[in-house]
Amino acid sequence: MADLIKLTAAEIAAKIAAGELTAVEVTEAHLARIDAVDEKVHAFLHVDREGALAQARAVDEKKARGEKLGPLAGVPLALKDIFTTEGIPTTVGSKILEGWLPPYDATLTKKLKAADVVILGKTNMDEFAMGSSTENSAYGPTGNPWDLTKIPGGSGGGSSAALASYEAPLAIGTDTGGSIRQPASVTGTVGVKPTYGGVSRYGMVAFSSSLDQGGPCARTVLDAALLHEVIAGHDPLDSTSIDAPVPPVVEAARNGSVEGMRVGVVKQFRGEGYQAGVIQRFDESVALMKELGAEIVELDCPSFDLALSAYYLIAPSECSSNLARFDAMRYGLRVGDDGSKSAEDVTALTREAGFGPEVKRRIILGTYALSSGYYDAYYGSAQKVRTLITRDFEKAFEQVDVIISPTTPTTAFPIGERTDDPMAMYLADVCTIPTNLAGNAAMSLPCGLAPEDGLPVGLQIIAPAMADERLYKVGAAVEAAFTAKWGHPLLEEAPAL
């Protein structure tokens with residue numbers, strides 16, 4: 001089992017297709033791993049044991065009939081608990097949806113099932129995807145497999161922890177301000193935020209509709225590309241879905257190269273608040289790309305300094321609108337409905353009991369920013385800043401093919417360290433937020449361990465909208481060079497659980 005769970009998704013799929021492994025054997029091995037370590041890690045909120053084994057049996061039966069298997073058939077996956085799954089709990093990490101069984105599958109869930117990917121269960125997350133540490137989950141925090149006293153990132157810390165602890169070879173996350181890339185960075189895994197609109201949001205519980213984007217999480221760049229190809233594509237059920245071919249991400253991942261590429265380094269993505277070890281590993285990554293034949297170009301994007309402020313007006317404003325639907329009248333929790341209270345009282349009592357402190361903070365902030373007399377001063381101004389950020393990216397991409405930066409300013413911090421300091425928590429996303437505001441594509445992949453604490457550091461690669469393949473071309477080249485330098489994948493240095 002120990003060898004099987006450390007295989008990549010591509011290797012597992014190849015062995016199932018060749019008849020060297022069955023999908024049931026692979027699924028059972030990962031379920032056994034979850035049984036062995038998830039009590040400590042707490043990556044999963046719900047494990048669908050029977051459903052996963054049924055899916056695996058269906059793959060084996062398909063193979064026995066001689067039917068063609070897809071590139072990820074039989075490979076297990078951990079699904080962030082923000083996508084609806086018919087008949088399987090979807091809580092979004094919140095008490096307000098505790099016990100809710102959706103009557104339908106999200107488009108992404110349907111695509112996974114159609115590709116014969118085996119869904120093991122639903123992973124822990126910050127409530128409604130609001131957070132950078134998975135500490136805001138109503139069901140308790142997740143530990144980082146590198147050090148269980150540290151955060152695994154957020155909001156998708158359950159998905160990144162499942163990968164790093166070998167509970168699943170693939171996972172799905174969502175990224176509103178960095179919630180795929182930041183967890184990948186602090187757990188030594190790979191996470192990709194596709195171009196906005198590249199992956200359907202139908203059936204994904206909304207936080208901030210103009211920013212939310214589902215994407216692939218994996219342990220290698222190729223695995224992420226294979227998953228990206230499965231989940232991407234136009235969906236008529238999502239009005240923001242892009243009606244265009246999926247970029248050739250798998251081909252790019254199989255042909256990694258940076259030779260002759262212009263790689264931008266933004267001066268705003270360093271300075272005060274950045275850990276010395278993070279900057280050291282980033283500078284080594286820049287030097288490595290130069291060795292591999294890339295041209296390094298210095299960039300100045302002044303509006304990026306305003307991105308965090310703009311984001312924390314736009315995202316809470318959209319959240320206050322989206323979360324108004326949780327009123328105790330339609331689905332989920334209902335408190336105080338004893339026949340003596342008005343509908344307004346029941347709604348208020350339900351929201352008080354069902355929403356956690358961070359969700360309440362953002363609803364209040366967003367409602368204030370949208371209120372009469374303040375709309376132009378706050379929300380309107382933030383949208384103008386968003387336009388400036390988009391323009392800075394457009395100017396930058398006239399000079400370079402991709403931009404690189406540290407994914408996060410620091411390595412994983414201790415659980416509990418920033419829970420009483422929202423501003424310190426928000427700064428974890430200072431490098432990732434500009435990409436969400438502009439709708440570009442971005443990836444985080446491991447670039448080493450910080451010397452001062454021995455924890456993973458992430459390298460962020462940013463590409464223009466609909467040029468997602470550039471992430472994989474550059475990412476695969478960097479991954480191969482670092483793996484050759486280290487002599488093994490970075491995750492092999494993680495302490496055994």
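Reader: Ground rules before we start?

Author: It's a predicted model, where local features need pLDDT of at least 70, side-chain atom pairs count only at pLDDT 80 or more, and totals for chains, interfaces and linings use all residues. Residues are numbered from 1 along each chain as its sequence is written, and side-chain values use heavy atoms, with hydrogens and water left out.

Reader: How many aromatic pairs does the structure hold?

Author: There are 16 aromatic pairs. Rings of Phe, Tyr and Trp (its six-membered ring) pair if their centres lie within 6.5 Å; planes under 30 degrees apart are stacked, over 60 edge-to-face, the rest tilted.

Reader: Why is the pair of phenylalanine 326 and tyrosine 331 edge-to-face?

Author: Because their planes sit at 70 degrees, with the centres 5.9 Å apart.

Reader: Which cluster do ring pairs make?

Author: Ring pairs join Trp100, Phe128, Phe326, Tyr331 and Phe355.

Reader: And phenylalanine 326, buried or exposed?

Author: Buried, at 4% relative accessibility. Tyrosine 331 is partly exposed at 32%. Buried means under 20% relative accessible area, exposed over 50%, partly exposed in between (1.4 Å probe, protein chains only).

Reader: New topic: which ring does lysine 6 lie over?

Author: Tyrosine 166, at 5.1 Å from the ring centre. Arginine 418 likewise lies over the face of phenylalanine 413, at 3.9 Å from the ring centre. The cut-off for a charge over a ring: NZ of Lys or CZ of Arg within 6 Å of the ring centre and within 35 degrees of the ring normal.
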